[in-house]
Amino acid sequence: MPPLILASSSPYRRELLSRLRQPFEWAAPSIDESRQAGEPAEDLVRRLAREKAAALAERFPTHLIIGSDQVAVLDGQVLGKPHGFERAHAQLSAASGKSVTFLTGLALLDSSSGACQVDCVPYTVHFRTLSSEQIARYLNAEEPYDCAGSFKAEGLGISLFRSTEGSDVNSLIGLPLIRLVEMLDQAGIEIP
């Protein structure tokens with residue numbers, strides 16, 4: 001079995017991948033994550049997932065490399081990571097009472113053959129109507145400033161939702177494990 005590499009420095013993705021009970025290493029890829037002019041969000045996350053995996057191919061030439069990227073889309077606009085209270089408050093205020101779709105790009109690159117599987121897994125969150133005070137209390141409690149959409153679904157962020165829909169709740173956190181298991185199976189790795 002070729003060794004697995006996670007092309008990410010995200011502790012959330014590492015925790016998710018560890019659930020599959022397969023040994024893996026991780027390394028941070030260095031790529032330009034800028035959105036290209038006119039690039040649809042789904043194409044963006046597919047491209048970035050593929051580029052993250054490819055960025056590590058020379059360093060790990062006989063490995064299966066997992067790349068992933070995620071964006072949140074609200075009213076047709078891509079939400080980035082807020083990086084601070086004010087922007088996070090603005091994002092959650094805009095999402096209040098609405099739906100946000102998270103698009104998670106996933107790539108599995110066999111660096112020895114160059115074969116690459118790529119997909120995009122959507123997951124939608126329907127937000128409760130939130131007051132400014134509720135949003136501020138949440139942000140002060142969890143400080144989700146490194147998360148697209150300004151919340152942590154695996155934590156207190158779940159209290160912001162009315163409902164969710166999608167094929168794999170793990171994609172909301174950043175790594176769609178159900179689709180990844182299918183990709184690994186196609187690459188000859190059976191789990192469990």
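## Hairpin, core and pocket

Strands E5 and E6 form a hairpin with five residues between them, and Gly114 in the turn has a positive phi of about 85°. The model is predicted: local features need pLDDT of at least 70, side-chain atom pairs count only at pLDDT 80 or more, and totals for chains, interfaces and linings use all residues. Residues are numbered from 1 along each chain as its sequence is written, and side-chain values use heavy atoms, without hydrogens and water.

Strands here are DSSP E runs of at least two residues; helices are H or I runs of at least four, and both are numbered from the N terminus. Two strands pair if DSSP finds at least two bridges between them.

| Strand pair | Sense | Bridges | Partner residues |
|---|---|---|---|
| E5 and E6 | antiparallel | 11 bridges | Leu106 and Asp119 |

E6 is mostly covered, with nine of its 12 residues buried. Buried means under 20% relative accessible area, exposed over 50%, partly exposed in between (1.4 Å probe, protein chains only).

Phe161 touches Val125, His126, Phe127, Arg128, Phe151, Ala153 and Leu172, not counting residues up to four places away in sequence. Contact means heavy atoms within 4.5 Å.

The lining of the largest pocket has 33 residues; Arg13, Asp69, Gln70, Lys81 and Asp146 lie nearest its centre. A pocket is an open set of points on a 1 Å grid over the protein atoms alone, where a 1.4 Å probe fits, with protein on both sides within 12 Å along at least five of seven lines; lining residues have an atom within 4 Å of a point.
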